[in-house]
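Keep the model open beside you while you read.

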Amino acid sequence: MSATTRRLTTAQALVRFLSAQHTERDGVRRRLIAGTWGIFGHGNVAGLGQALVEYRDTMPFHQGRNEQSMVHAAVGHARQLNRLSAQAVTTSIGPGATNMVTGAALATINRLPVLLLPGDYFASRAADPLLQQLEHPVEADVSVNDTLRPVSRYFDRITRPEALIPSALNAMRVLADPAETGAVTLALPQDVQAEAYDWPEEFFAERVWTVRRPAPDPVELDAAVAAVRAARRPLIVAGGGVHHSEAEDALRALVDATGIPVASTQAGKGSLRHDHPADLGGIGHTGTAVSDALARDADVVIGVGTRYTDFTTASGTLFQNADVTFVNLNITGFDAHKLAARPLVCDARTGLEWLTEALAGYRVDAAYEAEYGEGKERWDAVVEAALRAEDDTAVPTQTQVLGALDAVVGDDDVVINAAGSLPGDLHKLWRARSPRQYHLEYGYSCMGYEIPASLGVQQAAPGTPVWALVGDGTYLMMPTEIVTAVQEGLPVNVVLVQNHGYASIGGLSEETGGERYGTAYRHRAADGSFTGAPLPVDLAANAASLGMDVLRAKTVRELRAALAEARASDRPTCVYVETDPTPTAPPAEAWWDVPVAEVATREPARQARERYDAQVAGRRRHL
């Protein structure tokens, strides 16, 4: 141990340590742990709670209302700052801790850093069982925090003060590593939090974690270049890794030099501006007609920072060229090897720069550029028709709500969404103008993400207009962080779209033989179905009761005015609009596999199974 020590509790030492951690990439330094979200209770109030008071001048604290929401807020913060800064979340033992599991899964699936600090049982077992303790009959060391193990990239239970030293360092390493990052959990027994220890002063020194930009392996690069040079119909699939690496300029340079078109996943949308000649919009089940048409015939697909989820690949039915080859540029070997690809394991920006240099002189045929240019022009007309309202005195459709928002936002506004029917409409129709404008959480597609995430984004980008787009179903899941927005003075805007039910799942239910059963917010009819009158629920009044300014819009014209007023406000503001349920979004251009009942007595299910069998026959295994 160092000759110089400082006697602190474990909780005090942890907060002091976290306050001294930084990341650095490209010469830009940020605090690694920018602040801590918390709800205090049994298991963290006397330990971490006291420590956060002790060091309130160096560790900002944010009071939350729901543990899952706090994790969402921290994830929104990390994504806005390209994973270079994170936030911590502390909770009590028991339900406070388990409420974080959904948020942790979202963070890890989306490869976004968040530090979780749940309270835990007494390490000494002095009080056993204690309030909220899970008693396992054969594994006495198990607590409810073990539910966080499978959704964490690093997990440890700190059963002695000195065990914090290596564990805290490992936690920071994982949070700052672009290939490993995700949720990190340090479970903190409440007696250990309060226990004093003589800590070496070196533990509290300023520490900088370099966020690496690994270069491609020369052999892998040669193989990738050879594949692209042989291509006649190449296509780039831009994923979230483009944004995380701040590789947008490098991608544009490659595209400008080669003419290769770009389709984007939900996480990658905005990698090119929507009006770039080579930007074809979304790809996959919620993609554009031009992107999906090119994907079906592409001979080389260059995936950049994408996980190739089933929405992107249309459940294995999209890439139909018999000789298609994949080149996957990704920071993780796990993702780079998917679809039997030629892997290019490296940082996205570095890899794109090297690839551009190595492809000097290569350009796609002019006929191919003309083909996708014409397809883009046709799709732009489809977008314009869906967003435009011919009668601005009419009740808006959902796509016209997006059109009204499109007319109001600035280039650097941030639009947040996660679940329901809105992600599909946005992926097809939203015209992204900057890398950070389009913020879709679609790795976990978690209802309730939008409002808390908007708080984290607003904290990361003060002065930036932030919009949380939520349907009534999502709003009812998690509106409570509105109170936090009011308390923190965060002028987020919530666009609350009322369509009286789960619109997306209702449509999916109908398509797959479920007949929309249980998907509408309506009174029960005599036969038990939900086909009665809409429920007498006033969500706008609810938002107002939580402290938001509320603007109600009944027509397209009123909606535009309300959105403009919200954007100009310095208060948290909700724009509430009931929509015309008439479908105005373009239909899906590719399939998505949701298995249908193989046998059923009802005709809708039998017909759905026939459609399913026809579609599933087109699935390919790329080996």
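1. How many of the 11 residues of helix α16 (residues 398-408) are buried? The count is 10 of the 11, so α16 is largely enclosed by the rest of the structure. They are Gln-398, Thr-399, Gln-400, Val-401, Leu-402, Gly-403, Ala-404, Leu-405, Asp-406 and Val-408. "Buried" here means under 20% relative accessible area, "exposed" means over 50%, and "partly exposed" is in between, using a 1.4 Å probe and protein chains only. Helices are DSSP runs of H or I with at least four residues, strands are E runs of at least two, and both are numbered from the N terminus.

2. Some ground rules. This is a predicted model, where local features need pLDDT of at least 70 and side-chain atom pairs count only at pLDDT 80 or more, while totals for chains, interfaces and linings use all residues. Residues are numbered from 1 along each chain as its sequence is written, and side-chain values use heavy atoms, with hydrogens and water left out.

3. Two strands pair if DSSP finds at least two bridges between them. Contact means heavy atoms within 4.5 Å. Axes are lines fitted to C-alpha atoms, for helices over the stretch in contact, and angles run from 0 to 180 degrees between N-to-C directions.

4. Strand β18 (residues 414-417) runs parallel to β19, joined to it by 3 bridges, and Ile-416 has His-439 in β19 as its bridge partner. Strand β22 (residues 549-553) and strand β23 (residues 573-578) are also parallel, with 5 bridges between them; Leu-551 stands opposite Val-575 in β23. To get from β22 to β23, the chain goes through helix α23 (residues 556-568), and this β-α-β crossover is right-handed. That label applies if, with the strands pointing away from the viewer, the path from the first strand over the helix to the second runs clockwise.

5. α16 has a helix partner too. Its axis and that of helix α17 (residues 422-429) come within 10 Å and cross at roughly 55 degrees. The two are therefore oblique to each other; angles under 35 degrees count as roughly parallel, over 145 as roughly antiparallel, 65 to 115 as roughly perpendicular, and the rest as oblique. Gln-398, Thr-399 and Leu-402 in α16 meet Leu-422, Asp-425, Leu-426 and Leu-429 in α17.

6. Helix α8 (residues 218-229) and helix α14 (residues 348-358) give you another pair, packed at an angle of about 55 degrees with axes 10 Å apart. That angle makes α8 oblique to α14. Leu-221, Val-225 and Arg-229 of α8 make the contact with Trp-354, Leu-355 and Ala-358 of α14.

7. Strand β2 (residues 21-25) runs parallel to β11, with 4 bridges joining them, and Glu-24 stands opposite Thr-210 in β11.

8. Finally, compare two single residues. His-72, in helix α3 (residues 67-80), counts as buried at 0% relative accessibility. Leaving out residues up to four places away in sequence, His-72 touches Gly-103, Leu-106, Cys-446, Gly-448, Tyr-449, Pro-452, Ala-453 and Met-478. Ala-544, in helix α22 (residues 539-545), counts as partly exposed at 39%.
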